[in-house]
Structures are given as structure tokens and as C-alpha cells.
Amino acid sequence: MAKADLMDKIVSLAKRRGFIFQSSEIYGGLNGCYDYGPLGVELLRNIKEAWWRDMTLREDIEGLDSSILMHPRVWEASGHVENFTDPMVDCKECKARFKADQLEESECGNRAYKGRKAIKCQEEGKFTEARNFNLMFKTYLGSVEDNSNTVYLRPETAQGIYVNFLNVKESSRQRIPFGIAQLGKAFRNEINTKNFLFRTREFEQMEMQYFINPEEDEKWFEYWKEDRINWYKKYGMKKNKMKITVHDKLAHYAKSAVDIEYEFPFGWGEIEGIHNRTDYDLKRHTEYSGKKIEYFDDLTKQRYIPFVIETSAGASRSLMAFLVDSYDEEEVIKENSDGSKSSEIRTVLRLHSYFAPVKAAVFPLVNRDGMQDIAHNITEDLRKYFRVFYDDSGAVGRRYRRQDECGTPFCFTVDSQTLDEGTVTIRERDSMAQERVNKDNLKEVLLARI
Ligand code: GAP
């Protein structure tokens, strides 16, 4: 399948099945913003929950939820006011705006120059000089809209962690090395949003800052690099679709940095960054706030400003990677009502069962002989523990196909044997294999398989 077609198919499935909608669609949409539908919100929650559990169910990592709006000095100290910019140029004729470093990829929006690479228009003087454009969204605190009240929507969750380092260390009595994990919204006024959820203006990050003795930075950098790539593998991401890329151009705060990249249909793209941020952030906050942020090790009697190893993943970008990775089409043979056989294409999301938005679907084979009541009762019992979907419309084969597209790992079907001997079929999404299980312990059956 052509890669462009694959992306189109995923975007279309995401809308059709209720994963992702364009924001404010009835008004024509808002560029770079998306809404998560009934299945999308569950998938996103499951990804975030998996990350949160894996990060915080260990002795050396504490959780945090800091506010999105922070003191404006935070962003001066972090370097974002000065450095979080993209150079951009404007076309003097059509007024379209481009990232100056991406002109070779962009086309000028001017009708007169349709299909023409923007670089050409620049050479011919149709563009303004490059100017720096800050990517932070600004707003005002309180009722007076002037510069003294400017605050920013956070462009990363990390700074909320640094400014709370002392609070968390003292309240949790953690000793170095230890980490602080936070997940939440971040906002960037990206010049070019593109590729569905890949680069949006509002997104969620899952970040963890690990505070260490500066002498141990290389050891911990390697540890977290390994740990994070294994996290994606643990949830089923294909190994041959991931790679680690070392940054040759480092951000202003980093001593070393790598990206975990995923091969999307439009090419390789970063899903998570692992950075050795040194003591840059804590030092800068000490300087800008006047509050000493340091650590005293009472065993070794060393006093130092900790170094930080950061793991920074995009929740929405990971969701897109998991969607792409799990999308599959395969040819299957189906039996027709007259007994003949034909082939059809089955579309299936092979999501890890922990991530699957719906864990099981329950069907009565036919709508008679009390099968619906039994299926309803099973659904209600299972709903105390899992997200379960009841469906009694259409042929059972079509119901399976619908659930395959939603990534539902298991389907239970109530049939005439259920009436006779109290068993139902369980059908597994990936292999389509079926077996019979007792209808009275389906909770245990599901728990054992998820
Ligand atoms: N605190 C470090 C930091 O924010 P980053 O590389 O700018 O580093 C980390 O962002 C992760 O956040 C990226 O790997 C990506 O997954 C996600 N991310 C960044 N910008 C994004 C955007 N505009 N839309 C969606 N996800 C984004």
C-alpha cells in the first residue's frame, strides 16, 4: 500500500470509529488542534495511565501536577522567552508564512506561483527577511491586558518540575538519584502544523526529570535511553519501526540528547527525546528566583546542584505512532450464506490489550430464545471492571469486523450452546481463533488475557 494511502486510511478510520475529530469541525476546524472522540479518549487515557504506572510505581519517582500558567520569570529563566523561536519569512504577495529552515520543502501559497518551491520565491525577493517568531502562546493574568500581566501557556511540562524540586524533595524525603514525573497539556504556536497529530498547537506531554549526582550523568543517560525504548516495545511497538537518533545540534540546555524515532508513513519522526540537561535549569532558576536550589548528600557530605536526565514523550504523538503501528489489513476467507466462500479485506487495529479502548464486545448470535438477555447480563457484569460493548445488530461476521477496526481484543458470542451448557465463544482479535469458555467466569478469563 502506498504510504500516503496508508495515512489517509488511518485518518479516515480515526474519524469513522470515533478516535480523532478535527477541532471545531462544524466551524471549518481550527488548524493544529484535534478532539479525541469516545474511543480516542480511552486510548489516550490508557497510554497515559501505562506511562504513569510504569514511571511512578517505583520507589525513586514521585508524581506532580503543576499548573499550566506559571510566573513569567520561569520562562525567562528557562530560556524560552529568548530562545524558543523559529525563524520565519512572509511572502510579500500572498502573505503566507513559512519556517525559514523549511523553504525547500514548502510551496509558496501564491496562486501565481502555484507548485513553485518557496525557496525560489525567496531567491527572487518575494519574501521578507527572516524574523524570529516566539512559539509560546501569551495571555494576560487578571483584567488588565498589558505587558506587566503577560503570562504564557507552558510550552513544556518540565519547568513545573524544576521549580518544585525543593518542595518535592523535602515533602517526599527522596534522596538523589530520584525523579519527578508529570503529564499534561503543553502549547506551542507552531508555524507549520502538519501530519495529523504529529505537530499540533495543543498537545500532551509525558515528562520525567531524573535528578542525579553530576558525576553519574553518563550512566543514567544510558539507563533512561534503554528504559524508554523498552517501554514502547513492551506495549507492542514493532522494533524495526523504531530507531535512536543522536542529536548533533543540541538545544541550549543540553549536554547530550537522543530521540526515539518512529517510522510514520510520511517518514521518520521523533516520538520522545532523552536529554542530559545538566544543571542548566536548576542553576537558572536559582539565578532568576534568588532561591538556592541545591542538594546536600548527608552520607557523602557532598553539596551540589543536581544534573537532570529528562525523558520527554508526546502522549498525542505516541498515540499516533501506536495507531499507525497497530493498523493492519489482511485478506480473509469468509463463508457466504449459501455455503460458498469468498475473500475480503479485514482491517484490524492490533493494539496492545492494555491500550485497547474497549476490552471486550458481547454479541447474541441471534436475537431470540433469550440470547439477548444473557448477553446483556454478561455485559453488565463485565462493565463493573472493563469497558465492554454490546452489539446485536447485523450478521455476527460484520460485528467482528467493526470491533477489529476499533482494536477490541476479545468478543464473546452467546449462542444455542450457551442455552444448553452455559458456555460462550471467545474470539481473539489477531488470530481470530475461537474457543468455548464458561459464561460465569468471564471476568477471570479477560483478566488472564489482558
Ligand atoms: N521538555 C523537553 C521538550 O519539550 P521536545 O523535544 O520539544 O522536548 C518533547 O518535546 C516531545 O513532545 C516530542 O518528542 C514530541 O513527542 C512532543 N511534541 C513536541 N512538540 C509537539 C507538537 N507540536 N505536537 C505534538 N507533540 C509534540
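Buried means under 20% relative accessible area, exposed means over 50%, and partly exposed is in between, with a 1.4 Å probe and protein chains only as cover.

Now the ground rules. This is a predicted model: local features need pLDDT of at least 70, side-chain atom pairs count only at pLDDT 80 or more, and totals for chains, interfaces and linings use all residues. Residues are numbered from 1 along each chain as its sequence is written, and side-chain values use heavy atoms, with hydrogens and water left out.

Back to Lys301. Its phi is positive, about 65°, although Lys301 is not a glycine. Where is Lys301? In the loop between β14 (295-297) and β15 (302-304). On naming: helices (H or I, at least four residues) and strands (E, at least two) are DSSP runs, numbered from the N terminus.

Lys95 also has a positive phi, near 70°, and is not a glycine. Lys95 sits in the loop between β4 (85-90) and β5 (97-99). Its relative accessibility is 62%, so Lys95 counts as exposed. For context, most residues other than glycine have a negative phi, and most peptide bonds are trans.

Ile176 and Pro177 are joined by a cis one, with omega about 10°. Pro177 belongs to the loop between α7 (165-172) and β9 (178-187).

Which elements build the shell?

Now the backbone contacts. A polar contact is a pair of N or O atoms within 3.5 Å; within protein, one must be able to donate a hydrogen and the other to accept it, and residues adjacent in sequence count only if both atoms are side-chain atoms. A polar backbone atom of Thr200 is 2.8 Å from a nitrogen atom of the ligand. For Ile271, a backbone N or O atom lies 3.0 Å from a ligand oxygen atom. Gly314 also has a polar backbone atom 3.0 Å from an oxygen atom of the ligand. How much of the ligand does the protein cover? 92% of the 560 Å² of accessible area that the ligand has on its own. Those areas come from the Shrake-Rupley method with a 1.4 Å probe; for residues, only the protein chains shown count as cover.

On to helix α10, residues 315-326. The expected span of a helix is 1.5 Å times one less than its number of residues. For the 12 residues of α10 that gives 16 Å, and the end C-alpha atoms are 16 Å apart, which agrees. Is α10 enclosed or open? 12 of its 12 residues are buried, so α10 is largely enclosed by the rest of the structure. Ser316 is part of α10. At 6% relative accessibility, Ser316 counts as buried. The Ser316 side chain reaches the backbone nitrogen of Glu204 at 3.3 Å.

Strand β21, residues 410-414, is mostly covered as well: 5 of its 5 residues are buried. Phe410, Phe412 and Val414 are buried on one side, Cys411 and Thr413 on the other. Two strands pair if DSSP finds at least two bridges between them. β21 pairs with β19 (residues 360-364) in the parallel sense, over 5 bridges. Cys411 in β21 is the bridge partner of Ala361. β21 also runs antiparallel to β22 (residues 423-428), joined by 4 bridges. There, Cys411 stands opposite Arg427.

Two last stops. Helix α12, residues 396-406, has buried residues including Arg399, Tyr400 and Gln403. Just after α12, Gly407 takes a positive phi of about 85°.

Finally, Val11, in helix α1 (residues 3-16). At 32% relative accessibility, Val11 counts as partly exposed. Val11 and Phe196 are 185 residues apart in sequence, yet 7.6 Å apart in space, C-alpha to C-alpha.
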